[in-house]
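Visitor: I would like to go through this model with you, one question at a time.

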Amino acid sequence: TKNNNNYIYRPNHVSWLRLSVNSSLELICSHFLSADTFPDSHREEGGRGHGGSRDLSRLRSPSLEIKEKEIREKGSEILREQLDAAKRELKLKDKECERLSQVRNQLEQELEELTASLFEEAHKMVRDANVKQAAAEKRLKEAQGKIDVLQAEVTALKALVLTSTPASPNRQLHPQLQSPCTRGAHKHMGHSRNKSTSSVLPQTNGKTDAQPVSVQSVIKEDKEMDSVLFAEFLMWKEHASLDRASAFLSRIYREDIRPCLSFTRTELSQMVQSAVENNSLTIEPVALSAVPAVKASALECGGLKKCALSGLPRMCRHRIKLGDKGNYYYICPSSRARITAVCNFFTYIRYIQQGLVRHNAEQMFWEVLRLRKEMTVAKLGFYVTDQG
């Protein structure tokens, strides 16, 4: 017997039979037991020898039945092997399908999660962009308002700087240049200034014993430029900055700023100097109310207090604050005058650095010297108070 896929070949007058894989064992047996099992030549010989009257079943020998049985067993064994192979292949296919199904489900889940995360990220980006846009618009409005205020201040400061020169300072814009009596006279004279000249002229009423003329002596202040200081100023002006390393500012720090801001409370003095340099110091007047005749109430109403810088009990009409979130410190008029003198110097230096001063170098130099003179005078304890 030879097995070639679906064909079974049997010699000794057995024809070819085509068997399907899915055929049953009865089909195989029916083929082997059919009348076509024996060839025609064998039938003719049997017919001629016996007259054709014998039945075909009588011609079957025991050996042929054994062979048929063997063929049936081998056929069933082949079918079982093919069935087992088909089952194994189906199991492998099922496992592969299950694995591919799991991969597909995993990919679908990852795709859904990725899509959800992308949408969430997109919404978050849009929300953040809207918040940033609103904040930027708010900052833009605030910046535009600040720019308008700064432009108005710059315009006013330019007018102030241009109308006041070291040679002829505007005394209305610089009240510290006026003496107290002069200011009091200007306040009380009103429009009678033109009449004051008549009292200065001598009386010509014919009398020889006229009263002496009260002519005030005119005092002219002369000045001479120091070449060393002017050279240091010119070198600093080429690259104007607030760096102390320059010879110009180093000298002023050593001779004017540090002595002017040197108070009894050393630590607070250093903090005040840093705030002045950073332009973050605030000076504001203390609101004075009707002070009763009680010492405790007087201390709370801007009256007699200990100056935070000198430590002495004085009439503190002003207070300072270092930065935006600092505490308030009450200061006496002398301390205020010293701090104000240093602040005026730094303000003018910043104007020069920012290019707001349109004077020539010599005029700027004399204005710097005038501000240094104010620091020196305030350092020595001289200051101007408002009698009003």
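Visitor: Which residue in β8 does Lys321 stand opposite?
Guide: This is a predicted model. Strand β7 covers residues 318-322 and pairs with β8 in the antiparallel sense over 4 bridges. Within that pairing, Ile320 stands opposite Tyr329. For Lys321, the residue opposite in β8 is Tyr328.

Visitor: Which residue has its charged end over the ring of Tyr328?
Guide: A charge counts as sitting over a ring if NZ of Lys or CZ of Arg is within 6 Å of the ring centre and within 35 degrees of the ring normal. Here the distance to the centre of the Tyr328 ring is 3.8 Å. The residue is Arg319.

Visitor: What is the bridge partner of Thr282 in β7?
Guide: β4 and β7 are antiparallel and pair over 5 bridges. The partner of Thr282 in β7 is Lys321.

Visitor: In what order do the strands of the open sheet run?
Guide: The sheet has 3 strands with antiparallel pairing. Its edge strands, each pairing on one side only, are β4 (281-285) and β8 (328-331). From one strand to the next the twist averages 30°. The order is β4-β7-β8.

Visitor: Which residue in the turn between β7 and β8 has a positive phi?
Guide: The two strands form a hairpin with 5 residues between them. The phi in question is about 85°, and the residue is Gly323.

Visitor: Why does the pair of Phe233 and Phe365 count as tilted?
Guide: The structure holds 8 aromatic pairs. Planes under 30 degrees apart count as stacked and those over 60 as edge-to-face, with the rest tilted. The ring centres of Phe233 and Phe365 are 5.9 Å apart, and the pair is tilted because the angle between their planes is 55°.

Visitor: How many residues apart are Phe233 and Phe365?
Guide: Both Phe233 and Phe365 are buried. Phe233 belongs to helix α5 (residues 227-238) and Phe365 to helix α10 (residues 361-379), so the pair links distant parts of the chain. The separation is 132 residues.

Visitor: Which residue has its charged end over the ring of Trp366?
Guide: Trp366 is in a cluster linked by ring pairs, together with Phe230, Phe233, Trp236, Phe248 and Phe365. The charged end lies 4.6 Å from the centre of the Trp366 ring and belongs to Lys223.

Note on methods: Residues are numbered from 1 along each chain as its sequence is written. This is a predicted model: local features need pLDDT of at least 70, side-chain atom pairs count only at pLDDT 80 or more; totals for chains, interfaces and linings use all residues. Side-chain values use heavy atoms; hydrogens and water are left out. Two strands pair if DSSP finds at least two bridges between them. Axes are lines fitted to C-alpha atoms, for helices over the stretch in contact, and angles run from 0 to 180 degrees between N-to-C directions. Rings of Phe, Tyr and Trp (its six-membered ring) pair if their centres lie within 6.5 Å; planes under 30 degrees apart count as stacked, over 60 as edge-to-face and the rest as tilted. Buried means under 20% relative accessible area, exposed over 50%, partly exposed in between (1.4 Å probe, protein chains only).
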